[in-house]
Amino acid sequence: ALLIGLWSVWVSGVLLIALSLYATQRLPLSKNRIFSHTSFSDLDTPKITIFTAPAPFTGSSGTKQSLAIRSWLALSPQISVILFSQHHSAASFAKSFGSRALVESDIDFTFLGVPFFHSMVAKSRAFKSDIYVFMDTETILLPDFVLALNYAHNLDDDWLLFASPRDVPNFPFYLDEDRKHWLKDGQRIRIQEVRIESTSKFEICRMVIAWNNGVMPLHHGVLPPFLYGKGVYNHWLINEALSSGLRFVFDASWTISNIALGDSRRQSNCLVKSSNVSDIEKGSWEYDCNSHLAAVYGLSSLHGFNYSAVMKLVKCDGQYLLINATEDSLHTYAYKKKSLWKRHIPNCWRSKTTLACVVRTIKTQNETSGCSLKDGSVHTKTLKLSFSLESLLAITADENKTVVLTVAGYSYKDMLMSWVCRLRRLRITNFLVSSLDYETYQFSVMQGLPVFNDPSAPSNISFNDCHFGTECFQRVTKVKSRLVLKILKLGYNVLLSDVDVYWFKNPLPLLSSFGPATLAAQSDEYNQTRPINLPRRLNSGFYFARSDAPTISAMGKVVRHAATSGLTEQPSFYDTLCGEGGSTRKGDNRCVEPGTNLTVHFLDRNLFPNGAYLGLWERKNVKSACKKQGCLVLHNNWISGRVKKLERQVISGLWDYDITTRMCLV
């Protein structure tokens, strides 16, 4: 009796689904559901470009990544792979795959070498492709990937699809040397066997996301500066695409066989430039950063989406079907090219195997539910790096134990980022940022900068106009010399550079050529015929100091003098190191501090011009004039007010940051 009861329930369910299909086929479809479909066999395979950001190619991670990328390239000669990486191993690794795998490093990375997802997406537009795919480097692809993309490529409207992989910690298969056949224990196997052994639950953390090269953008608004591989951004992008309604969004998890190798929740700290720092703490700040961005950007911050309601692409009896399953009904959509294919229940649905296939899909939809942002770990907790100043110095310093230090408050955050972008363009990575306030610290963390908060910084300066001549400016400048002295005592050389110093070339090779017990500083003298070491012409916004006993002792004197002065730190530098009135000047470009025998070298103004020298900022083409002169840097000083300073630098073209997209300009 029990078996008969269960049988009747099953039969009733099947009949209910069939009746729902019949009824819904007669209902008109809304305009945003109208798409066309042509068999993929009628068209050539589209050009597919897969973008990813690998970890360093060593150990088991390198083996998994190699297998995964080989599986991608084996699918079609129309597939190419772009590897976003700054790691030295990337080039040789990509070379092993031939000409269809390339390394791209000209995007924004954090100081730990983690790429920004929004920068990756922006850079992808530089590559000509029919379909763009973003996925994890430890995910295997099987041939139905190309078939599904062929189907999607023939839809008339712009689209975005996603597919959750199956999580398989122990994957026993590998490709032969020609990348033509899968092997297990040295024996060739059928591709169906790979699928059968890869039927574990969907793993939602490492989705494959793909979209066509169409007219419509992926979503309204801007893509936040998410850190790649640190969670949230895939779901954020899907939710925003659904909310915006600009593209047809569907779930292809049942038609694209992709297999995630290993632990999906693995930490990506292997991207750290230096693995020899013993006190690097594996915190969650990168994931917190992404969650914070998801909470404050876009429509996804207002509501979540139930993925079970998203259109799904399934393949039953050799045909692709788009289905929309809810709790009490099932809708199918089928299309022919240029027009909607209106029909009653098609013959394929009368097949028991087809119906069973669709029912299985409905039953397994819960495996990917519950992953909307609203139900996730989106929050706005305080962001904090897991690194002390000592750790940051060990990570960022170059081989000569030299760091470039800058200090900034929130009102100068955009100029800070332009300065950072310029250094990144010059491939200078050994810089540190000292934040003067909480807002600058949070901003810098989200921008992936090596930032630390100075507890001795003056308070209530976040939104002040701290320009030259103000009391705020006087207090802020004294922070810089204290920080430089602290870092020198930790054993690191320091190039202090204000954020309003534009770098044309890397000045460190020249500055490092000055011997020990020498402090090299910019001159603020603008008169071309006068000595450059005249009283109080030492600019404390750009100087190079070595970590040696004479320099540390002399800098200590500067800090003590500035602490009792009612002026900025700049007069304290000159009066302490060159004597009041320039009593210890030597020649036209030096002076000597008698107590420590430290030599102060005033830098050549043709190479290190200040803001008033030769009227360079007034030239029609500032960049051309400076390059012709051979400038290494140009200081944007000798101008009153933050707004005027910003305007002058932006108008001159010496600006490297896009405030809207939060990306470095190309």
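The expected span of a helix is taken here as 1.5 Å times one less than its number of residues. Helices (H or I, at least four residues) and strands (E, at least two) are DSSP runs, numbered from the N terminus. The model is predicted, so local features need pLDDT of at least 70 and side-chain atom pairs count only at pLDDT 80 or more, while totals for chains, interfaces and linings use all residues. Residues are numbered from 1 along each chain as its sequence is written, and side-chain values use heavy atoms, with hydrogens and water left out.

Helix α7 covers residues 233-244, and its 12 residues should span 16 Å at 1.5 Å a residue; the end C-alpha atoms are 16 Å apart, which agrees. Buried means under 20% relative accessible area, exposed over 50%, and partly exposed in between (1.4 Å probe, protein chains only). Because 10 of its 12 residues are buried, α7 is largely enclosed by the rest of the structure. The buried residues of α7 include Y233, W236, L237 and I238. Their cover, with contact meaning heavy atoms within 4.5 Å, includes α4 (117-124), β6 (159-163), β11 (208-212), β12 and α8 (285-296). After α7 comes G245, which has a positive phi near 70 degrees.

Strand β12 (residues 248-251) also pairs with β14, in the parallel sense and over 2 bridges; two strands pair if DSSP finds at least two bridges between them. D251 has K312 in β14 as its bridge partner. Strand β14 (residues 311-316) has 5 of its 6 residues buried, so this strand is largely enclosed by the rest of the structure.

**Salt bridges**

A salt bridge is a side-chain nitrogen of Lys or Arg within 4 Å of a carboxyl oxygen of Asp or Glu.

| Pair | N to O distance | Relative accessible area |
|---|---|---|
| D136 and R206 | 3.1 Å | D136 14%, R206 6% |
| E286 and K230 | 3.4 Å | E286 1%, K230 1% |
| R648 and E618 | 3.9 Å | R648 13%, E618 58% |

The side chains of D136 and R206 meet in a salt bridge. This pair links distant parts of the chain, 70 residues apart: D136 is in the loop between β4 (131-134) and β5 (139-141), and R206 is in the loop between α6 (191-196) and β11.

E286 forms a salt bridge with K230. Here the linked parts are 56 residues apart, with E286 in helix α8 and K230 in the loop between β11 and α7.

R648 forms a salt bridge with E618. R648 lies in helix α18 (residues 642-652) and E618 in the loop between β28 and α17 (622-629), so the pair ties together parts 30 residues apart in sequence. R648 is buried, whereas E618 counts as exposed.

Strands β26 (residues 585-586) and β27 (residues 590-593) are antiparallel partners over 2 bridges, with R585 opposite C591. Their hairpin has 3 residues between the strands, and G587 takes a positive phi near 70 degrees. Strand β27 is in turn joined by 4 bridges to β28 (residues 598-602), again antiparallel, and V592 stands opposite T599. In this hairpin 4 residues separate the strands, and N597 has a positive phi near 65 degrees.

**Helix α15**

S553 belongs to helix α15 (residues 549-563). With 35% relative accessibility, S553 counts as partly exposed.
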